[in-house]
Structures are given as C-alpha cells and as structure tokens.
Number of protein chains: 2
Amino acid sequence: MIEYRSIRVALLGAGSVGSQVARLLLEHGDELTARIGARIELVGIAVRDVDAKRDADLPRELFTTDAPRLILGADIVIELMGGIEPARTLVLQAIASGADVVTGNKALLAAHGAELFAAAEQVGAQLSYEAAVAGAIPIIRPLRESLAGDRIERILGIVNGTTNYILDRMDTTGASLEDALATATELGYAEADPTADIGGYDAAQKATILASLAFHTSVPVESVHREGITGVTAAQVESARRAGYVVKLLAICERLADPESGEAGISVRVYPALVPREHPLAAVRGANNAVFVEASAAGPLMFYGAGAGGVPTASAVLGDLVAIARRHVVGGPGTSESTHADLAVLPIGRITTSYSITLEVSDEPGVLAAIAHVFADHGVSVETMQQTVAESGTATLVIGTHQATEQALADTVATLADTPVVVSVASVLRVEGAV
Amino acid sequence: MIEYRSIRVALLGAGSVGSQVARLLLEHGDELTARIGARIELVGIAVRDVDAKRDADLPRELFTTDAPRLILGADIVIELMGGIEPARTLVLQAIASGADVVTGNKALLAAHGAELFAAAEQVGAQLSYEAAVAGAIPIIRPLRESLAGDRIERILGIVNGTTNYILDRMDTTGASLEDALATATELGYAEADPTADIGGYDAAQKATILASLAFHTSVPVESVHREGITGVTAAQVESARRAGYVVKLLAICERLADPESGEAGISVRVYPALVPREHPLAAVRGANNAVFVEASAAGPLMFYGAGAGGVPTASAVLGDLVAIARRHVVGGPGTSESTHADLAVLPIGRITTSYSITLEVSDEPGVLAAIAHVFADHGVSVETMQQTVAESGTATLVIGTHQATEQALADTVATLADTPVVVSVASVLRVEGAV
C-alpha cells in the first residue's frame, strides 16, 4: 500500500456544478489519486445555507458558512459560487494565501479577469477556468496550449445552451420565441429570469474570455457588441430555413485590420446570425455548445459537446484540478495569462459582414430600382434579391448583400426605412460562416 | 528592447510537416518569443539529402546530415522523420542527452511508445506528440489534461483522412473503391502505396496511442483488431445510404467488462462500420478527421478538423514546442505518461456490437424461417429484416441485429454461409454509434 501525501481542496459553492464536483471527488478519489500521485482531500464546502437542498448526497460535516476560514487551510480553492461578490474577494484571498484557484465563474472573469490574473501572476499561483466557457468542452486548454504556436484568426462560438435550444426548437417546430422559451423553462434549460441568456449577456462574458485568450489581449466585457435573440421571429427562422440557413446566436472573436488606421485589431461581438446549413455549427442541436476556431496554420477546427449541466461542467473543473494538483506533486508553476499582443478592440461599425434584409415594399413598377439605388448609394453591393408578391398590393423582398462595413449596412437600413416604397423593414440579420 | 535568452531547437526531418515547422519558426519567431518569454533558435535541420527539394524555402546553411551531432547542441528536439529507425535511436539519444522531444511519429509511438516514455520519465524529459494523431486537431492534450479528472468510456475516431476521403466519395458519387482511390491518389490524398491507409494500419497505430492515453494502459499495436476498407463495395455504401447510414473507417477504443471474467478491460479495434446519418461523425466529410469521445461525466464530445497536411500538422508540433519551451522558462517538469490502470486488452471475440448482414437467398417458402433459426441458434437477436426479390429467383435479405458478442455474430455468419437457402453472404458490416 503506497502512502500518498494529501492535497487539501476547499470548495466554494455547492450548486448544480459544485455539488457534482464534491460527489465525484468523494466517489472517484482513488482513481484521481493514481493519476495525480497524491490524494485529494476535500477539506470543506463553503455555502450560504448549510441546510439547503443539494443535487448530490454529501456529508453534512463538510459544509461551513465560513469561506474565509476554509480557504486558509487549502492548497487549492475551487470557486463555483457564481456572481461577482463575494467570489472576487474570496478568490483574491485564496491567491494571496498561496493557494491555486480553479473557477467556473464567467461573470467574475469577464469583469475582473485582468485583476485576478495579475494577482495570480504576482505570487506564481495558478488560476484555471476551463468550466467558465462551454461547460464540459475542452476549449480553454486547447486555445491556451495546443494552439499556442499558431495564430488564431477567428472564433465562432455557440456558447449559450439555452438560446441554442430555443433557436433549434424554433427551427425544427416552427414555434415562436415565446413558446420555445416556455418549453425551455419547463425542461430546465432556461432559468426563471432568462435575461442573461436570451439577452446575450452570458454569451458576451464567454466571448470576452475567449477573445482575451485567443488574441493575447485584455478584452473588457464592455467592449463587446451584444445583441440577444429577443428580436428573432418565427418568420425569420422559417425564411432562413427556406434559404438554406439556420439562425444561431454566435459569439464572434475576430482578428482584423482597422479599416481606418490599417492597424491590427480585433472585434468581439454577440448576435443572432444566419449560418449556412452546410457549416459544422449548423448541426449543433438542442442545448449543446460548439466552438469553431479558424487558425492560421491549423485551419478550421471545431470543439463540440455539452455546454452546461452540473455533471458535464464538473468534468471540466476536475480536469483543471488534476492538472494543478499534478504540478503540486512534480513541482514547478504552470502557464500564466498573456496579454502581450494588446490589440485594439474595434467598434462594431468598423467590422465587415454581410446582411440578409427582408423588406415589405409596395408592389408597383420601379420599386426594385429604387431599392437597388439605396444600396448603391451607400456602397453596399447586392448579391441576391428575391421578391414574393402578396395579395394586399405589397411584396416581400429578401436582399442578400456582399461583405460591407457594419456602418455602411446600418446606414443603408436607416435609409431604406425612410424610403417611400418601403412599407417596413421586416428583418435584418447578419450572415456568418459562409462556406 | 528586451534581451531574451534563447532555446535551441533541432529539427529532424524536413518533409511536408518538417519543412513547414521550420518555415513557421523562422517567419513567426517574434510572435513565439513574446508568448514563450524566450527566443526559439532553430539550430539545424537533419535530413538524409541536403539537396532534396523542400515544400518551403529554407536557408541552406541550416541543413545537415549529421543528426546525432545536431542533437547534442539542442535543448528541444523535434522528430518528424517518420518510420522506426533511425527515429527511435535518435529520440532515445536526445532524451539521454537531456533534451525534451516533440514528435509526430505515430508508427514509432505505436511500436515503441512504452520504451520512449520510460526513458523520458527516468530523466524527467518531456515527450509530446500532439501531431501524431489527427493532425491539427488538439486531441492528445484534451485527453491527457482536460479530461484527466473524468473517466473516458469510449472513443470513436475518424483518424485517417485518406480512407475518409475515399468512403465519402463513394457515398456522394456512387464510385467504386478503385475509382475513389484513383481520385484520392490524383488529388494527393493517397500515397503511391496506399496500403498503410486503406489497410487500416495507420488508423490502428493512432488507436493504440489514443487508447493508451485514454485508459492509462500500455496498449501494444499488435493487440489492435484491424480491418481495412479494401472489402467495402459500392453496393454496401449505397445500401447503407438507403438505410440511413454512412460507412466510415473507425478507430474504436472502448472500456468494457470482460464478459467471461467480469473484470474491467478495454477493446481497441479498427474497421469500417455503419454510422447513423444523425451521428456527428457522419457529417465528417472529405479528408477531415474527427474524434468523438464519450466520458463518464462530460458526456459526448467531438473534436473536428484537418487530420493531415504539412501546415495544419505543423500547428500541432508548434503547440507542443511552445508548451515545452515555456516550461524551460518558468522551470519545472510537465506531465508524464500514466499506465497505472493497466487494463487487459480483450480479444475481438469478447466485445459486443451489432451487425448489418446482407444475404443473397433463394426466393422460396420457408427461407425467412430458416434464416431466423440460424440467428436464434447462436443467441443473436434480430432487430430488422428486409427482403427485396430479384428477378432471377433469388432475393436480397438485409438483417440488422441487436447487440451480441463478436464471437456469436461471427459464428452466425459462418453458419449462414453453410445454410443451403443462402446463395451468398454479400456483406457483413458492424454498426457503431447508434443514436
């Protein structure tokens, strides 16, 4: 019988992910010990209410409400409380006390990542966060290490399971956003207050984390252009389907040259977009997540899996934990965050994309010419134009544009809305991932 | 201007991958320096013939034919020669000299991995090999680190681009194997001697590497059950298509209980199998690769991308190089191979799977009963049976089975071949990845 030294782990939070992390640590301890070469000792679980109901059956004596004290006796602290405070203060305390930290807290990283990474760097502590983006899918480590010798050009991520479930359901059943959201809530895919998900806030936090890592640049969450899915209609989804597209909420991180200065910059944005059915991201169904990465040498790569859920996300937490614990055994620090590139985050107006615009127009001679004129005036090139005549004397016109700057496209749409033959601008959606 | 220390890198081999690694190191040196915190100095490239034509324009003074001498002056050795010798001897020499090693040599790892890992472990050297499996796709590091806290249950990999291109072309154009292979050769997807690819040898080497890593068990390549695609016919592919399947050459690594002893074991096998069209692997087109991983906590994950090609594979080599070089800067060793689980590799007869069997039978009364009897006699449960009557007095019968042991299925097929009403056993294919 080998005697192993023990590594003391403190867990902060016992929600859906935290309770599964604790359960797996207790159930698979021996297997982890063999892999690490040391025994993981779960010294305690800090919670707000010791008597709250948990997703897993855990020994009562592990629970405490005194997180600061628990941290003092830990070699590694796992933070799964969520939210900014007290998580931020506790993580900083853990780092200051010499502990390494594993977190799944995307809100905290998006808002205070730079501060936390600097604090960890200063004392040589590890701060790992695989669970913060795309749940179980290994994406942080591949970006941070596997692709470290390559140059990442673009990331298109489906990183919010709730909205993907809703959009997928709208696509497959023709449901309205409201009905699809109701189903998602019923099945536990959406929270009681779905704002963070359907408003794109959750995706924007994850985009911040991915972009910071991919481009070696500190990206403030405020610099992310964010649009949620609240404006997506059943008609848009159906029209997209007929045209060979599917609507997906994308987190987009892109390296590009500033069209004004010519200098290298990046764009980080979240919005619902049309994705061609042939694109690998179009096949991501239900509440699954996927991150599509285009790297200069590696070419296109995709990472796919469960984006949420207590047990899958716990897998990502344990992966980080084992990696850090191994370093406690073999010695030596791991990798730290790098922001050496320090690229400018460009405003949405300076990026180029293409649009699909649906107009309701008067059914009269000269309409197409008038509309085409508006596009030409703004320097936006029209790729396709398709007209369907309705009975009421109006026609529906679907216009696909070539690539143009967001500014030119926004100006075009504004002018169209003021054009007399245009009854209404029914839908404006960007197109991403053309294959 | 910061003065960086330099890390000396020796490259062995300047084929399609090696020449791109050298080019990228020379072209992107500054970017890598910023990420590593040290300068990568390519001290030389060992080749057989200094004057051979290369895929990239490289300074002639870097080339040498004296690999052993080059190694002596290196901190990190990148081995991209391929084949067993002299690669094995040179890698062992590099390790003995105190250098870390990055290799993309799957044949070497499959045949001598245990020896090389032991040698590296003994002196605390790193041996990284992301490029050995699935080209640019980060799969080694995710298995080794991201999923280190989870339990991998099964891997289904499309890890050979040549055969995937051939099978995809047969599926989409109805071409015969010979014609599809000819096209693959013409387009550079297949080598002049395609045996390693279409015979499944290449996939078996990769399966060995994946299984060893996933199951913490040293898996000899001889223990891998291997069938190539040479027996796959256009009729099988067409019949699969009509039934909602696609034929893929899969590398399968599976954790299972030995049906005889009840003890934990693993199965590692390579064969063409029917994959349901809805499975994520079915969408892997052309020469692309994908590795589908089922982990106990994480659930299903998929890693997708370019499985070969000089530039994409060079990305994987550089990722390993940067990771190792960073450790030279921050100090401390990385991770070593683990074979603590030491599970038994079960023979093919003990695994369970399901079959799709196509028989040509006499078109006479009682045939179905006779056939059904054969299956029942061997304890194999029939799930579907579909008969098509041909004009010549014979009928085609496609039988889908439930899960049964390979042994029972093989015995069933042998008995069917000897059954008087059976004119011929036209096709026998396994079904994997039922969704």
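Predicted model: local features only at pLDDT ≥ 70, side-chain atom pairs only at ≥ 80, totals over all residues.
At 1% relative accessibility, A134(A) counts as buried.

**Positive phi angles**

- Most residues other than glycine have a negative phi.
- A134(A) is not a glycine, yet its phi is positive, near 60°.
- A134(A) sits in the loop of chain A that runs between β6 (127-128) and α6 (140-146).
- In chain B, H216(B) also has a positive phi, of about 50°, although it is not a glycine.
- The loop that holds H216(B) lies between α10 (201-214) and β8 (225-226) of chain B.
- H216(B) has 11% relative accessibility and therefore counts as buried, because the cut-off for buried is under 20%.

**Cis peptide bonds**

- Most peptide bonds are trans.
- In chain A, the bond that joins E85(A) and P86(A) is cis, with omega about 10°.
- P86(A) is found in the loop between β4 (76-79) and α4 (87-96) of chain A.
- In chain B, a cis peptide bond joins E85(B) and P86(B), and its omega is about 5°.
- P86(B) has its place in the loop between β4 (76-79) and α4 (87-96) of chain B.

**How the two chains are related**

**The lysine listed as an active site**

- UniProt, in an unreviewed entry, lists K206(A) under "active site".
- K206(A) is part of helix α10 (residues 201-215) of chain A.
- The relative accessibility of K206(A) is 7%, so this residue counts as buried.
- Leaving aside residues up to four places away in sequence, K206(A) touches K106(A), A132(A), V133(A), V159(A) and N160(A).
- With V159(A), a polar atom of the K206(A) side chain lies 2.8 Å from the backbone oxygen.

**The ACT domain**

- An unreviewed UniProt entry places the feature "domain: ACT" at residues 356-430 of chain A.
- This span is 31% helix and 45% strand.
- The end C-alpha atoms of residues 356-430 of chain A lie 6 Å apart.

Note on methods:
Residues numbered from 1 in each chain as written. Chains lettered and ligands numbered in written order. Heavy atoms only, no water. Helix = DSSP H or I, 4+ residues; strand = E, 2+ residues; numbered from the N terminus. Buried < 20%, exposed > 50% of the residue type's maximum accessible area, 1.4 Å probe, protein only. UniProt positions renumbered as here; feature names shortened; annotations may be inferred. Contact = heavy atoms within 4.5 Å. Polar contact = N/O pair within 3.5 Å; in protein donor to acceptor, adjacent residues only side chain to side chain.
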